[in-house]
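Biologist: I have a model open and would like to learn how to read it. Could you walk me through its features one at a time?

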Amino acid sequence: MTSEVSAAYAPVIMSEQESLKSSSVRNRGGVQRVEGKLRASVERGDYYEAHQMYRTLFFRYMSQAKHAEARELMYNGALLFFSYNQQNSAADLSMLELESLEKSGAKVDDETLEHLAKLFSLMDPNSPERVAFVSRAIKWSSGGSGKLGHPKLHQLLALTLWKEQNYSESRYHFLHSSDGEGCAQMLVEYSSARGFHGEVDMFVAQAVLQFLCLKNKTSALVVFTTYTQKHPSIEKGPPYVQPLLNFLWFLLLAVDGGKLTVFTVLCEQYQPSLKRDPMYNEYLDRIGQLFFGVPPKQSSSYGGLLGKKPRYLCVNTGHDS
């Protein structure tokens, strides 16, 4: 930071240091005064100076263990920069909010997840900063559980990507959420916008089988029921005109029963439909293991059963592929 910038903000910094020693109410007032001065700088177009001051205050708060204040300042600052289309500055402050979450051991809660999803939604979809931000956000939201992110965050990301008509990545995040209904509605739009008429059953088949591979029977049933009810090209059932849909219906019933003979006969009878996609039998091998006690094949590897990961989940997330 230049000496001129430092001098201009020196009274504010001193005031802020004094307020940090006072009560929480006075402290909040100090934050508001600083935010007011920073907002004025941005409104004047002094983006660089304001950005540097945000960073200075962030590290000052962090050194004093004022993590909540640091996060609030970064979140509001990022929103302000986004409103002026200052993508780089906004993305930098967004990453600093994540840094505070990571270093402070903050608990995962709905408000924080909504803040992260909001920042994600405002970033340029093609920017490398968005890739870095969402990969770290997902990793943080797992809370050290080893799972690939919090279901609520995945749902919010899926909704943003759906609005952007990025259906394939939206679909991936819906799979890791608990929102089977939202997934189905997105798939209806995806199928109608990008698919062939003869593929309407295949869009939902992949989702149902992948939900089952994740041991999520509830979402598998919801996505199937909602999709078949809402898709304009699917006649009311069961039974359905499309054999693959009938297979899925029977499979969802069989999963609840857990009888291997029923599962085996079902897969044999519907082989002509299942051959339409070579992945179907891979999914069913896994489903057989999870729900029907089928022993795993020695050569089986199920890392790719959920489809291609978004590129930001393939880089430095701390999770296996």
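**Reading the model together**

Modeller: Happy to! Keep in mind that this is a predicted model. The accessible surface of the protein chain comes to about 15,800 Å², and carbon and sulfur atoms account for 50% of that surface.

Biologist: How many helices and strands are there in the protein chain?

Modeller: The protein chain has 16 helices and zero strands. For the fold as a whole, look at contacts between residues with a separation of 6 or more: 63% of them link residues 24 or more positions apart. As for burial, 48% of the 321 residues count as buried.

Biologist: Let me try the charges. Which residues form the negative surface patch?

Modeller: Asp 109, Asp 110, Glu 111 and Glu 114 form it. Exposed means over 50% relative accessible area, so Glu 111, at 53%, counts as exposed.

Biologist: And a charge on the inside? Where does Glu 97 lie, and what is the nearest side chain of opposite charge?

Modeller: Glu 97 belongs to helix H5, residues 87-104. Glu 97 is buried yet has no salt bridge. The nearest side chain of opposite charge is that of Arg 71, 5.5 Å away. A salt bridge here calls for a nitrogen of Lys or Arg within 4 Å of a carboxyl oxygen. Leaving aside neighbours within four places in sequence, Glu 97 is in contact with Arg 71, Met 74, Tyr 75, His 115 and Leu 119.

Biologist: Now the backbone. What should I expect for phi and for peptide bonds in general?

Modeller: Most residues other than glycine have a negative phi, and most peptide bonds are trans. With that in mind, let us look at the exceptions here.

Biologist: Which residues does the cis peptide bond with omega of about -5° join?

Modeller: That bond joins Gly 237 and Pro 238. The next peptide bond, from Pro 238 to Pro 239, is cis as well, with omega near -5°. Pro 238 sits in the loop between helix H12 (217-230) and helix H13 (243-257), and Pro 239 is found in the loop between H12 and H13 too.

Biologist: And phi? What is its value at Ala 65?

Modeller: Ala 65 has a phi near 60°, a positive value in a residue other than glycine. Look for Ala 65 in the loop between helix H3 (47-63) and helix H4 (67-83). Ala 65 is exposed, because its relative accessible area is 53%. Asn 85 also has a positive phi, of about 60°, although it is not a glycine. The loop between H4 and H5 holds Asn 85, which is exposed with a relative accessible area of 59%.

Biologist: One last residue, please. Is His 231 buried or exposed?

Modeller: His 231 is buried, because its relative accessibility is 3%, and buried means under 20%. His 231 lies in the loop between H12 and H13.

Biologist: Which residues does His 231 touch, not counting residues up to four places away in sequence?

Modeller: His 231 touches Val 188, Ser 191, Ser 192 and Val 200. Take Ser 192: His 231 and Ser 192 are 39 residues apart in sequence and 8.4 Å apart in space, C-alpha to C-alpha.

How values were computed. Residues numbered from 1 in each chain as written. Predicted model: local features only at pLDDT ≥ 70, side-chain atom pairs only at ≥ 80, totals over all residues. Heavy atoms only, no water. Helix = DSSP H or I, 4+ residues; strand = E, 2+ residues; numbered from the N terminus. Buried < 20%, exposed > 50% of the residue type's maximum accessible area, 1.4 Å probe, protein only. Contact = heavy atoms within 4.5 Å. Areas by Shrake-Rupley, 256 points an atom, 1.4 Å probe, with all protein chains shown as cover. Patch = residues over 30% accessible without salt bridge, like charges linked within 9 Å, V, L, I, M, F, W, Y side chains within 5 Å. Lys, Arg positive; Asp, Glu negative; His and termini not counted. Charge placed at Lys NZ, Arg CZ, Asp CG, Glu CD.
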